[in-house]
Amino acid sequence: LLTILLSRGYLERMECHRGEFYILILFSTTGMMLMAGALNLITVFLGIELMSVSLYVLAGFMRTKERSNESALKYFLLGAFATGFLLYGIALIYGTSGTTDLVAISKIFPQLSHNPIFLVGCGMLVVAFSFKIAAVPFHMWAPDVYEGAPTTVSGFMSTGAKAAAFATFLLVFVRVFDIAGSSLSQVIAVIAAASMIVGNITAVAQNNVKRMLAYSSIAHAGYMLSGIAAANAEGETGILFYLLAYTFVNVGAFGIVSLMERQDDKKLNFEDYAGLSARRPALAVLMSIFMFSLAGIPPFAGFFGKYYVFLAAVKANMTWLAILGVLTSLVSVYYYLRLVVLMYFREGEADLDHSVPLASMIALAVAAVLIVVLGLYPSLIVDLTRSFFKI
């Protein structure tokens, strides 16, 4: 809904406003819901494909732009490669368990957990899901795709697609496979650590705001993977809270970037935001809220998201992962606050050459208000998510 509210004005300005866009958004969302509600590995596959095929088209929606075509092609080729891993992993799991039903697999998991072929199948699922959430080392598509895709689509991919993939990750590897303390848990912990390090350090060097948000998205995938690696109740609750908070934050951030962006990929660099607070104070305040939340500064929702997943890591005797998460979060403060400093403390001529559509302003305001409310009252969501897992 937020993506649709932000997209109409943006697509009209970019001269590519077509009705198919909204159909593709809805098809993709249907795929995401199918993934999150799946109880069978075949249903998981169908959900991922429905989501992915729609996103491939959305990434290349600006057909006259070479960069948009490039992003769609890269996403499609690498996505097809990841799908191969997913299907082969499902085939190996089916071969060793005799079923693709997740409930049935969960009942015989203790016997299967020592079968090397089953573990190879699980490893292939980790690869496929890691691609969908853009975790290191399966992340190289994300910066190019986010930069080339329509900006509101980049926001949609970095939130909706990531939330659906994490929901499936959680379902398969925590609820069904019960990986707590296993070698799979250690593998996921290493992927989480690599994602936090690579995402944050590379984001520091970016001058393009969309690429910065792409590498930031990789780092946040690492934070959330800490909850998967912990594989405990705190991890489950923490990931769901983090996903909700991150969704509002990133859709809002990409929404403001879409308002600033002009034809031919102009106004996408950090310097283009210098002095924004003098001409568009409301947008500067909203962007500051989103940046503070991404950095994990209280009292915004992003702080509690990180707190819960790091707490889960500590309780799972992965204190090193929580410490690494805190240290890399400190690195992220630099590039998030760099944008805030430019908007408020650097003279410049940052402005919009158009009026802000009412629908876009409503979407941004709703996202900002929810970030503040969730930050002040995290128990609203935490209590709700805990009730999801009373099985």
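The legends below describe several close-up views of one predicted model.

The model is predicted, and local features are reported where pLDDT is at least 70, side-chain atom pairs count only at pLDDT 80 or more, and totals for chains, interfaces and linings use all residues. Residues are numbered from 1 along each chain as its sequence is written, and side-chain values use heavy atoms, with hydrogens and water left out.

**View 1. Helix H1 and the helices that cover its buried residues.**
Helix H1 spans residues 2-13, where helices (H or I, at least four residues) and strands (E, at least two) are DSSP runs numbered from the N terminus. Within H1, the residues Leu2, Thr3, Leu6, Ser7, Gly9, Tyr10 and Leu11 are buried, a word that stands for under 20% relative accessible area, whereas exposed stands for over 50% and partly exposed for the range in between (1.4 Å probe, protein chains only). An α-helix has 3.6 residues a turn, so residues three or four places apart point the same way. The cover over the buried residues of H1 includes helix H2 (20-36), helix H9 (151-176), helix H12 (233-260) and helix H17 (358-376). Just after H1, Glu15 takes a positive phi of about 60 degrees.

**View 2. The largest pocket and its lining.**
The space in the largest pocket comes to about 1,100 Å³. Pockets and cavities are found on a 1 Å grid over the protein atoms alone: a cavity is a set of points where a 1.4 Å probe fits but cannot get out, a pocket is an open set with protein on both sides within 12 Å along at least five of seven lines, and lining residues have an atom within 4 Å of a point. Grid points are joined across faces, edges and corners, and a volume is the space filled by probe spheres set on the points. Of the 36 residues that line the largest pocket, Ala36, Ala163, Ala164, Ala167 and Leu240 lie nearest its centre. At least two lining residues come from each of H1, H2, helix H5 (102-107), H9, H12 and helix H18 (379-388), and H9 gives the most, with 10 residues. By class, this lining has 28 nonpolar, seven polar and one charged residues, where Ala, Val, Leu, Ile, Met, Phe, Trp, Tyr, Cys and Pro count as nonpolar, Asp, Glu, Lys and Arg as charged, and the others, Gly among them, as polar.

**View 3. The second largest pocket, with residues from helices H15 and H16 in its lining.**
About 150 Å³ of space lies in this pocket, and the residues that line it include Ala295, Gly296, Ile297, Phe303, Lys306 and Tyr307. Helix H15 (301-315) and helix H16 (319-345) each supply at least two residues of the lining, which divides into eight nonpolar, two polar and one charged.

**View 4. The largest cavity, lined in part by helix H12.**
The structure holds three cavities of 30 Å³ or more, and the largest of them has a volume of about 50 Å³. Its lining is made up of His220, Tyr242, Ala245, Tyr246, Val249, Ser293, Leu294 and Gly302. Two or more of these residues come from each of H12 and helix H14 (281-295), with H12 giving the most, four residues. By class, the lining of the largest cavity has five nonpolar, three polar and no charged residues.

Leaving out residues up to four places away in sequence, Thr151 touches Tyr10, Lys210, Phe254, Val257, Ser258 and Glu261, where contact means heavy atoms within 4.5 Å.

**View 5. Ser288 in helix H14.**
Ser288 counts as buried because its relative accessibility is 5%. When neighbours within four places in sequence are left aside, Ser288 is in contact with Val340, Met343 and Tyr344.
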